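Subject: Structure handover

Hello,

Here is the structure I promised to pass on. My notes on it follow below.

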Amino acid sequence: NVGGKGISIADVCTNGSYKNPKKITPIMEEDLLYPSREATDFYHHYKEDIALFHELGLKAFRLSIAWTRIYPTGLEENPNEEGLKFYDEVFSECKKYGIEPIVTISHYEMPYTLIEKYNGWENRKCIDLYFKYCKTIFERYSDKVKYWLTFNEINSGTMPLGAALSLGTIKGFKGNISEVPDNPQERFQALHHQFLASAMAVKYAHDNYPKFKMGNMILFSTKYPLKCKPEVVMKMKKEMDIFNWFCSDVQVRGKYPYYMNRYFEENNINIIKEENDDEILKDGKVDFYSLSYYMSTCITTEESEKRADGNIITGVSNPYLKTSEWGWQIDPIGLRYTLNEIYGRYQIPIMVVENGLGAKDRVESDGSINDDYRIDYLAQHIEQMREAVKDGVNLIGYTPWAATDIVSASTGEMTKRYGFIYVDKYDDGTGNLKRMKKNSFYWYKKVIESNGENL
């Protein structure tokens, strides 16, 4: 809350755990913890962190600009200069070390004022407010940032839980995030407004900043039929169409895909469009495709099958895969399959901007952190990316999730750690925020030095 920053949806989410979902509370309650308010305090540690990224050998750093640090409520006419200066300094540090920023413009942190006033993206007025924000940061950082992602995991809005975080269609809601009431008409109308906002930002960038490369960002849910029953295969296709392909078809191809007509009709969804909406989508196609990939699940028509958990997504367990402590199925070959499917569909460059293993890391008495399980996970996935490149996929970037430990977006906890760098911060809010290198840090440094040959 320093530097003039306003309150976002992330700031009103409490902590939680694998079995105890985090809550959303419109106002801060004294007996609850709100871990994202301080998180791992990159705000005061960015110089130290970026220096560690340089030591690690990172060529790129994916980060997100906080909308509420630039426009605290989203409604201001003029931006918050102190917030703009902060990112000036962050990008200058990146440039000093030769690290390319890959910037997500909106990442699950919509100004909470816009949720209270407009029910988030359900209201078309949010398009202009987002566009104003984009124009401000494009102009300010035009000489420091080349790669931009318009919305993080935009397709999460096709699901009720994801809509709460990404679309903000939760006006008046208070309670467990898993219990957010669903309104499909509201969700898909809000998504339409995000599509327009993304397209407008892309076209504006193309017209005014030709060096910019504009990308989307998809939470990819790789699925397999549990059995070769035709009904199961058809169910899988329908789920993949709606969750994986719908949003990227709009953002990459510039129009709504044919299969959504039947889905909208059968679910009583009527997308309200204005006269030029289709033209806006057509003119705002992204330059590259980016995704998060963590796991895969299976599809079945049988209710009795064992469920598998995941990052907002769920399915049934695959008997051929191992799972993490949080029930996420580990499937490196699924990443190669996924990259081939994406590239075969779109034929544009791809970045994997999230991929990693959430696990309980332990600091030993000598200060070492032996996360060989993370090394194993990442090595297998990097090997499959290499195979995808050999297949002909134009894979231009990889940024694991994450360089440092962070608060888990899905559960609101610190226990599920992802980083190469351990941050001394815990679920009860304690910790001195000290940064410590894990074994995976030294391993990944060698991976980068060898361009992926030394795994």
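In which loop is T40 found? T40 sits in the loop between β1 (23-24) and α1 (42-56); helices (H or I, at least four residues) and strands (E, at least two) are DSSP runs, numbered from the N terminus.

Before the rest, two notes on the source. This is a predicted model, in which local features need pLDDT of at least 70 and side-chain atom pairs count only at pLDDT 80 or more, while totals for chains, interfaces and linings use all residues. Residues are numbered from 1 along each chain as its sequence is written, and side-chain values use heavy atoms, with hydrogens and water left out.

T40

T40 is buried, with a relative accessible area of 7%. Buried means under 20% relative accessible area, exposed over 50%, and partly exposed in between (1.4 Å probe, protein chains only). Not counting residues up to four places away in sequence, T40 touches H45, D405, I406, M414, V423, L433 and R435; contact means heavy atoms within 4.5 Å.

Overall

The secondary structure of the protein comes to 13 helices and 18 strands. Its radius of gyration is 21 Å, close to the 23 Å that the globule rule gives for 455 residues, so the protein is as compact as a globular protein of that length. That radius is taken over C-alpha atoms, and the rule is 2.2 Å times the number of residues to the power 0.38. The C-alpha trace spans about 65 × 60 × 50 Å along its principal axes. Of the 455 residues, 57% count as buried. Among contacts with a separation of 6 or more, 72% are accounted for by residues 24 or more positions apart. The accessible surface is about 19400 Å², and 49% of it belongs to carbon and sulfur atoms. Accessible areas come from the Shrake-Rupley method with a 1.4 Å probe; for residues, only the protein chains shown count as cover.

Cores

The largest nonpolar core has 123 residues, of which W121, F138, W148 and F246 touch the most other members. Helix α7 (residues 184-208) gives the most to this core, with 10 residues. A nonpolar core here is a set of buried Ala, Val, Leu, Ile, Met, Phe, Trp, Tyr and Cys residues joined through side-chain atoms within 4.5 Å. Leaving aside neighbours within four places in sequence, F138 is in contact with I105, W148, A201, Y204, A205, Y209, F212 and M214. A second, separate core of seven residues includes L149, F288, M351 and V353.

T399, N355 and the loops around them

T399 lies in the loop between β16 (395-398) and β17 (421-423), and N355 is in the loop between β15 and α12. T399 is buried at a relative accessible area of 8%, and N355 is buried at 0%. Beyond four places in sequence, T399 is in contact with A60, R62, I102, V352, V353, E354 and N355. A polar atom of the T399 side chain lies 3.0 Å from the backbone oxygen of V353. The side chain of N355 makes a polar contact with the side chain of Y398 (2.7 Å). A polar contact is a pair of N or O atoms within 3.5 Å; within protein, one must be able to donate a hydrogen and the other to accept it, and residues adjacent in sequence count only if both atoms are side-chain atoms.

Helix α12

Helix α12 (residues 372-391) has 20 residues and reaches 29 Å from its first C-alpha to its last, close to the 28 Å expected at 1.5 Å a residue. The expected span is 1.5 Å times one less than the number of residues. Buried residues in α12 include Y377, L378 and H381. Their cover includes β14 (329-330), α11 (332-346), β15 (350-354), β16 and α13 (439-449). Just after α12, G392 takes a positive phi of about 115 degrees.

Positive phi outside glycine

Q347, in the loop between α11 and β15, has a phi near 55 degrees and counts as exposed at 52% relative accessibility. N451, in the segment after α13, has a positive phi of about 55 degrees although it is not a glycine; at 70% relative accessibility, N451 counts as exposed.

Regards
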